[in-house]
Amino acid sequence: NGSGSKYFVADFYCDLKKTVPELDGPIHQASVEYDQYRESEMLNLGLHILRINNEELLDIPAVLTKIKTQQLAPSLRSREGVGGEYKKS
């Protein structure tokens with residue numbers, strides 16, 4: 001973005017899982033370069049991005065399954081993934 005600012009407003013954030021669920025609508029088609037920069041910066045902060053397309057929101061049970069599957073997967077960045085052990089909270 002050229003401003004040097006590394007502040008972003010996320011759609012949602014889960015501190016426990018260090019996950020940023022992003023709802024991707026039509027605006028993201030016009031801002032691909034900025035979204036790539038933003039995602040790169042968040043990954044550098046140790047965050048995981050979970051992308052959900054607006055069309056997916058028409059099937060809420062499938063979205064919930066996607067989120068639950070993501071939450072159950074231990075991450076090298078998550079506190080639960082440290083030492084290779086996963087403890088469901």
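Guide: In this structure, a salt bridge is a side-chain nitrogen of Lys or Arg within 4 Å of a carboxyl oxygen of Asp or Glu. The model is predicted, so local features need pLDDT of at least 70 and side-chain atom pairs count only at pLDDT 80 or more, while totals for chains, interfaces and linings use all residues. Residues are numbered from 1 along each chain as its sequence is written, and side-chain values use heavy atoms, with hydrogens and water left out.

Visitor: How many salt bridges does the rule give?

Guide: The count comes to 5 salt bridges. As a general point, side chains of opposite charge can pair when their charged atoms come close.

Visitor: What makes the pair of Arg 38 and Glu 22 a salt bridge?

Guide: The N to O separation between the side chains of Arg 38 and Glu 22 is 2.7 Å, and because the cut-off is 4 Å, the pair qualifies. Arg 38 lies in helix α2 (residues 32-44) and Glu 22 in strand β1 (residues 19-24), so this pair ties together parts that are 16 residues apart in sequence. Helices (H or I, at least four residues) and strands (E, at least two) are DSSP runs, numbered from the N terminus.

Visitor: Are Arg 38 and Glu 22 buried or exposed, and how do you know?

Guide: Buried means under 20% relative accessible area, exposed means over 50%, and partly exposed lies in between, with a 1.4 Å probe and protein chains only. Arg 38 has 5% relative accessibility and therefore counts as buried, and Glu 22, at 1%, counts as buried as well.

Visitor: What ties Arg 51 to Asp 24?

Guide: Arg 51 and Asp 24 form a salt bridge, their closest N and O atoms being 2.8 Å apart. Since Arg 51 lies in strand β2 (residues 48-53) and Asp 24 in strand β1, the pair ties together parts that are 27 residues apart in sequence. Arg 51 is partly exposed at 25%, whereas Asp 24 is buried at 11%. Asp 24 and Arg 51 also belong, with Glu 39, to a network of salt bridges.

Visitor: Why is Lys 18 called buried, and what is its partner in a salt bridge?

Guide: Lys 18 has a relative accessible area of 19%, and therefore it counts as buried. Its side chain meets that of Asp 15 in a salt bridge of 2.6 Å, N to O; Asp 15, at 38% relative accessibility, counts as partly exposed. Lys 18 is found in the segment before β1, and has a positive phi of about 50° although it is not a glycine.

Visitor: What makes β1 mostly covered, and how do you know that β1 and β2 are joined?

Guide: Of the 6 residues of β1, 5 are buried. Two strands pair if DSSP finds at least two bridges between them; β1 and β2 run parallel and are joined by 6 bridges, and therefore they meet that condition. In β2, His 48 is the bridge partner of Thr 19.

Visitor: Where is Val 20, and what is it in contact with?

Guide: Val 20 is in strand β1 and counts as buried at 1% relative accessibility. Contact means heavy atoms within 4.5 Å; leaving aside neighbours within four places in sequence, Val 20 is in contact with residues including Phe 12, Met 42, His 48 and Leu 50. Val 20 and Arg 51 are 31 residues apart in sequence, and their C-alpha atoms are 8.3 Å apart in space.

Visitor: What makes the nonpolar surface patch?

Guide: Leu 57, Ile 60 and Leu 64 make a nonpolar patch of about 240 Å². Patches are made of residues with over 30% relative accessible area and no salt bridge, with like charges joined within 9 Å and nonpolar side chains (Val, Leu, Ile, Met, Phe, Trp, Tyr) within 5 Å. Accessible areas come from the Shrake-Rupley method with a 1.4 Å probe, and for residues only the protein chains shown count as cover. Leu 57, in the loop between β2 and α3 (60-72), has 32% relative accessibility and so counts as partly exposed.
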